[in-house]
Amino acid sequence: MINYFPEEVLWHVFSFLTSHPDRNAASLVCKSWYNVERFSRGKVFIGNCYAISPERMISRFPRVRSLTLKGKPHFADFNLIPQDWGGNVYPWIVAMAKGSTNLEELRLKRMVVSDESLELLAKSFPNFKSLVLVSCEGFTTDGLAAIASNCRFLRELDLQENEVEDRRGQWLSCFPDSCTSLSSLNFACLKGEVNVAALERLVARCRNLRSLRLNHAVPPDALQKILAQAPQLVDLGADSFVHDPESETYNKLKNVMQKCSSIRSLSGFLDVNARCLPSIYPICINLTSLNLSYAPGIYSKELVKLIHKCKKLQRLWILDTIGDKGLGVVASTCKELQELRVFPSDLHVVGNVAVTEEGLVAISAGCPNLNSLLYFCQQMTNAALITVAKNCPNFIRFRLCTLNPTIPDAVTMQPLDEGFGAIVQSCKGLKRLSVSGLLTDQVFLYIGMYAEQLEMLSIAFAGDSDKGMLYVLNGCKKLKKLEIRDSPFGNMALLADTGKYETMRSLWMSSCGVTFGGCKTLAEKMPRLNVEIINEGDEMEGRPDDRQKVEKMYLYRTLVGPRKDAPDFVWTL
Amino acid sequence: MAHENELNLKATELRLGLPGTDESEDMVSIAKNNKRASPESVEDSGSKANSAAKSGDHETSSASKAQIVGWPPVRSYRKNNLQSKKAESESGMYVKVSMDGAPYLRKVDLKVYNGYPELLMALENMFKLSIGEYSEREGYEGSEYAPAYEDKDGDLMLVGDVPWDMFMSSCKRLRIMRGSEAKGLGCAV
């Protein structure tokens, strides 16, 4: 019946399909749907840039306007992947430029972006509007200058936590006077000076500016002037805040803040005198998002006073200096909290006492809408996790990280299996899970049994045997990404169900028990997987023994075979 | 022996931190007793639970500086930001100490001390004087001398009011004032 619908109707119906999974599903129904879908897809999401080639992407989706690409595997964030591994965006930009793609938006995560890429991007796509770079590297402020100079309709330039070489040039001054379209500008991760006068003029003429995140080089008196020009801001990030509460600047800032009644999201405060925080009290009542995770200078007392005013908070990122008591204040104040991230302020395992299970339990009791958690803590207990599971059954993302990776239950000294078991059993919508602490195969039995919606699982220093990994591979039907380090899983687990990996985006295993022989067997069996071994140092001379353990293995499904840009230290089996 | 000293210190300790910060000492010792995992030991750590409780790995206290690669899993960007804040402080925090009437100043490294009691004791030794007991209400009332410091904003503050960490990061120089002059500083605001 549905085959008799003319294409125009299908087209119209598909225009309501916005999520990638929905579109992917629709494209599998029949050839006709596949075609309508592919011509109508404007936003393309590619979770692993090596799963497909740029040319094939363009030929399937000729009308792509917005492209999201992810490069390096997640564990690259933690120095587990050497430099020059790959993930270069240049070939994509070249292909799209050649294919005359009408690219408007590019969102990259963990990719290498050269100045050359940015220059090509800036000059090839006349309608380019939005560039979002997260945890990328390889470019300098020269590349940014190219974007600023050439992208006439630029709306969004959002740089999040990138490693950028700051050439202290005048990149910001490169925005022409005719540029008035900016709605979002985030350069908080840049280390160098910007032309403050140019910045003030830019803000003044971009009346649609909603989101502005400044770096440390923008001094407090400039901040005050900028805010005066942009009272319509919804999101503000300021790293350089006032120091002296008696100063003229402080007074001006206080006054101007009172007019910024639209601000809902606040971040920065890298350099602040806590006594100047009262200047932001007027906007606290409206805040829904607060990121103080880069503000080590705000002590617990001031932090608590601040949070006490933020009754509408939905997202909070802080340092563990807040302490369990501070989390108690969050729990009693922020009833609408949905996302909480508590980062470690001290990276040594035995350091200052940070937060413990008490803080988490308090939060779970006070914030029933909590659905996303990242919690670095000194210790944890099963009892606490069980309570948390009962209080908050809505977790979608649950990431717990004990500073000591194999610490047992702080009270019973037992493994934390039961605690995490309770979480997966209670949170039926759980999509992402990171476990830590002392864990046996039992926790994986629970995960395999209960975590039906789980898409991403991170494991470190956990499990006793291959059974652990098997429970997960067999049980979690929706698993997309599995990353494992320092756990005793070997070839038996790796090879038990090789077909499983084609249903997943990727698998990472480092410092586990898999051997060269095991990886080779897998690679032979599954031609549509790239099984890459990362070799560092001189452990590998010539042909490694099949029985030798592999230090780092990364495998992923792909339609285009082994990648051609693999460096010397990456072997594709 | 060490314990006894600790107990004595506790009795006279200037409890300047937030209520409950006392727990930190207990918690640190729990953490110290847990078996630290190193990559090589993962495979043979079979029944980890029991051995962890008993092994009381004393060297973890000195191994506190030894870190597993990539643990805790914090993005490099975030680590570098934290690190740079720490780097400022790794190099020692020397501040000048002046004493009213003394011909020349001295310098002390605040990093060397774990808290106010140690710092005050060191100052007493250095200048051969006595400073006496701190109280929130009276300051160092009755003492011959009172310790004061200049903070980031240039104000002269009484030593002891704020948590030690906060003091460390805001203290620019120390000044040992005569008790008689210090009277004004001790008044509650």
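Begin the tour by selecting Lys128(B), which is found in the loop that runs between helix 5 (116–127) and strand 3 (145–151) of chain B. The model on display is a predicted one. Although Lys128(B) is not a glycine, its phi is positive, at about 55°. With a relative accessible area of 72%, Lys128(B) is exposed.

**Chain B as a whole**

Next, colour chain B by secondary structure. Followed along the sequence, their order is α-α-α-α-β-β-α-β-β-α-β-α. Switch to a surface display of chain B: the accessible surface amounts to about 11100 Å², and carbon and sulfur atoms supply 52% of that area. Of the 189 residues in chain B, 39% are buried. Among the contacts in chain B with a separation of 6 or more, 50% are between residues 24 or more positions apart.

**A cis peptide bond in chain B**

Now select Trp71(B) and Pro72(B). The peptide bond that joins these two residues is cis, with omega at about -5°. Pro72(B) belongs to the loop between helix 3 (48–55) and helix 4 (76–90) of chain B.

**Glu181(B)**

Move on to helix 7 (residues 179–182) of chain B, where Glu181(B) is located. Is Glu181(B) buried, partly exposed or exposed? Its relative accessibility is 44%, so Glu181(B) counts as partly exposed. Display the side chains around Glu181(B): setting aside residues up to four places away in sequence, Glu181(B) touches Asp100(B) and Arg175(B). A distance drawn from the C-alpha atom of Glu181(B) to that of Ala146(B) reads 8.7 Å, and the two residues are 35 residues apart along the chain.

**Annotated domains of chain A**

Turn to chain A and select residues 5–41. An unreviewed UniProt entry places the feature "domain: COI1 F-box" on this span.

**Two helix pairs in chain A**

Two packed helices are described by the angle between their axes and the distance between the axes. Select helix 2 (residues 20–27) and helix 3 (residues 31–40) of chain A: these pack at an angle of about 145°, with their axes 8 Å apart. Helix 2 of chain A contributes Arg23(A), Ala26(A) and Ser27(A) to the contact, while helix 3 of chain A contributes Trp33(A), Tyr34(A), Glu37(A) and Ser40(A). By type, the residues of this contact are three nonpolar, two polar and two charged.

The second pair is helix 15 (residues 382–391) and helix 16 (residues 417–426) of chain A, whose axes come within 7 Å and cross at roughly 5°. Helix 15 and helix 16 of chain A are therefore roughly parallel to each other. To view the contact, show Asn382(A), Leu385(A), Ile386(A), Val388(A) and Ala389(A) from helix 15 of chain A, and Asp417(A), Glu418(A), Gly419(A), Phe420(A), Ala422(A), Ile423(A) and Ser426(A) from helix 16 of chain A. The residues in this contact comprise seven nonpolar, three polar and two charged.

**Residues around the second pair**

Remain on helix 15 of chain A and select Thr387(A), which lies in that helix. Thr387(A) has a relative accessible area of 30% and is partly exposed. Apart from neighbours within four places in sequence, Thr387(A) is in contact with Val361(A) and Ser364(A). Arg275(A), by C-alpha atoms, is 37 Å from Thr387(A) in space and 112 residues from it in sequence.

Next, select Met413(A), in the loop between strand 16 (397–402) and helix 16 of chain A. Met413(A) has a positive phi of about 65° although it is not a glycine. Its relative accessibility of 23% means that Met413(A) counts as partly exposed.

Finish at helix 18 (residues 466–475) of chain A. Which of its residues are buried? They are Asp466(A), Gly468(A), Met469(A), Leu470(A), Val472(A) and Leu473(A). To see what covers these buried residues, select elements of chain A including helix 17 (441–450), strand 18 (456–460), strand 19 (481–485), helix 19 (491–496) and strand 20 (506–510).

How values were computed
Residues are numbered from 1 along each chain as its sequence is written. Chains are lettered from A and ligands numbered from 1 in the order in which they are written. This is a predicted model: local features need pLDDT of at least 70, side-chain atom pairs count only at pLDDT 80 or more; totals for chains, interfaces and linings use all residues. Side-chain values use heavy atoms; hydrogens and water are left out. Axes are lines fitted to C-alpha atoms, for helices over the stretch in contact, and angles run from 0 to 180 degrees between N-to-C directions. Helices (H or I, at least four residues) and strands (E, at least two) are DSSP runs, numbered from the N terminus. Angles under 35 degrees count as roughly parallel, over 145 as roughly antiparallel, 65 to 115 as roughly perpendicular and the rest as oblique. Contact means heavy atoms within 4.5 Å. Ala, Val, Leu, Ile, Met, Phe, Trp, Tyr, Cys and Pro count as nonpolar, Asp, Glu, Lys and Arg as charged, and the others, Gly among them, as polar. UniProt positions are given in the numbering used here, feature names are shortened, and annotations may be inferred rather than shown by experiment. Buried means under 20% relative accessible area, exposed over 50%, partly exposed in between (1.4 Å probe, protein chains only). Accessible areas come from the Shrake-Rupley method with a 1.4 Å probe; for residues, only the protein chains shown count as cover.
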